[in-house]
Amino acid sequence: MFDAHDQRFMQRALDLARQGLNTTMPNPRVGCVVVRDGEVVGEGWHRRAGEPHAEVHALRQAGARARGATAYVTLEPCAHHGRTPPCADRLVEAGVARVVAAMEDPNPLVNGQGLARLQAAGIDVRCGLLREQAHELNEGFIARMQRGWPWVRVKAATSLDGFIALPSGESQWITGEAARADGHAWRARASAILTGSGTVRADDPAMTVRHVAVERQPVRVVVDARLQVGSHAAVFGPGEVWVAHALPPEWPDDGHRQRLIDRGVRLLYLPAADGRHVDLKALLMEMGRAGFNEVHVEAGAGLNAALLKDGLVDELLLYLAPSLLGQGLPAFALPAVAGLEKRIRLAWRDVTPVGDDLRVRLRVQREADLEQAGAGPADRGS
């Protein structure tokens with residue numbers, strides 16, 4: 001169905017799509033390559049919402065040479081009028097003979113309709129080339145479209161014995177400069193950075209992207225159930241900031257709410273069933289409605305564990321330093337499991353040296369993942 005040339009041109013389209021890694025949200029990252037007689041005649045990628053899509057840039061570059069050509073696109077061309085006209089129509093008008101898509105668009109407004117429109121116009125349509133790479137590039141967008149809340153990535157920097165700080169709270173710096181810069185690159189691609197009130201009060205972090213150049217700063221979101229973080233905190237600096245809390249409106253606060261509002265903070269009242277904690281699922285759903293695709297979590301053991309226990313974490317991003325602390329603060333304040341069959345299962349994604357440290361990415365395995373992999377209950381405990 002696909003040959004080596006198809007593979008090469010789709011890989012180029014994926015490379016182009018990655019150039020929009022930090023800028024396209026809430027839209028997906030998409031690249032397009034137009035090829036005629038084995039020669040690339042046009043290429044482009046989506047840069048940011050409201051601007052032309054990847055197909056438009058590629059077709060403009062190709063001009064009349066697009067007629068009879070093959071268009072390689074990393075996501076099914078859109079078939080609806082949003083901020084821009086449908087890309088499927090532009091491909092039809094340009095006269096392309098063949099369209100190869102890496103994957104279908106999970107957006108209910110598209111979801112097969114773009115491919116169907118191309119086929120109805122007599123275009124040879126193929127889908128599924130380098131699907132896994134395309135899926136990984138847009139995990140956040142896909143998650144938001146399919147379940148309503150973003151892809152959640154929890155980042156932590158630890159010693160080899162699993163501690164993020166000394167018992168005193170001292171943590172600067174467990175990992176090296178290269179690992180810190182790499183962590184900021186992962187911040188940059190996220191729609192929002194999520195942290196907890198304990199981290200803010202202990203470290204007073206700005207929670208901004210600083211070690212890499214960016215065109216925009218992610219939204220900062222603080223989970224502060226009792227509104228204990230002072231309005232002077234560094235996290236409330238310039239840019240968009242949310243605070244999720246569980247204090248009812250009638251709770252006396254000596255004007256603290258108004259001071260936060262005066263600093264431009266958006267307050268979200270999202271109490272959990274116990275009335276003491278924030279409903280984390282409701283928070284993520286609110287973030288999904290706001291168009292957030294990826295949420296980057298940098299928090300303490302309590303919030304990390306709460307997200308894991310609620311089944312809201314998709315991925316762990318761990319930086320492991322070649323050191324031992326002996327005792328300290330853990331990355332996850334999880335209770336002991338009753339048996340190995342109850343443990344949280346993870347799947348390796350990659351292990352990458354970063355300076356003197358190791359970056360480890362792991363995906364949280366849910367029941368559906370284990371069933372798909374063919375692991376029955378007995379297998380999971382082995």
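The unreviewed UniProt entry places the feature "binding site" at A157, W173, T199, G300, A301, G302, L303, N304, A305 and A306. These positions span 150 residues in sequence, and their farthest two C-alpha atoms are 25.2 Å apart, so they do not all gather at one spot. The model described here is predicted.

Two of the annotated positions, G300 and L303, can be set side by side. The contacts in the table leave out residues up to four places away in sequence.

| Residue | Location | Relative accessible area | Contacts |
|---|---|---|---|
| G300 | loop between β12 (294–297) and α11 (301–309) | 22% | T199 and A331 |
| L303 | helix α11 | 12% | L194, T195, G196, V223 and L280 |

With the cut-off for buried at under 20%, L303 counts as buried because its relative accessibility is 12%. G300, at 22%, is partly exposed. One of the residues that G300 touches is T199, which is itself in the UniProt list.

At the start of α10, a side-chain oxygen of D279 comes within 3.2 Å of the backbone nitrogen of K281. After the helix comes G291, which has a positive phi, near 90°.

On the scale of the whole chain, the domain assignment gives domain 1 (4–136) and domain 2, the latter made of two segments (140–336 + 345–369). Each domain contributes to the contact between them, with 16 residues from domain 1 and 16 residues from domain 2. The C-alpha centres of the two domains lie 34 Å apart.

How much area is buried between domain 1 and domain 2? The value is about 1,300 Å², and carbon and sulfur atoms give 54% of that area. Polar interactions are also found at this interface: there are four salt bridges between domain 1 and domain 2, and eight residue pairs are in polar contact, with both residues at pLDDT 80 or more.

A salt bridge is also found between E136 and R349, where the closest N and O atoms are 3.6 Å apart.

Terms used: Residues numbered from 1 in each chain as written. Predicted model: local features only at pLDDT ≥ 70, side-chain atom pairs only at ≥ 80, totals over all residues. Heavy atoms only, no water. UniProt positions renumbered as here; feature names shortened; annotations may be inferred. Helix = DSSP H or I, 4+ residues; strand = E, 2+ residues; numbered from the N terminus. Buried < 20%, exposed > 50% of the residue type's maximum accessible area, 1.4 Å probe, protein only. Contact = heavy atoms within 4.5 Å. Domains from an automatic or database assignment. Buried area = accessible area lost by both parts, 1.4 Å probe. Salt bridge = Lys/Arg side-chain N within 4 Å of Asp/Glu carboxyl O. Polar contact = N/O pair within 3.5 Å; in protein donor to acceptor, adjacent residues only side chain to side chain.
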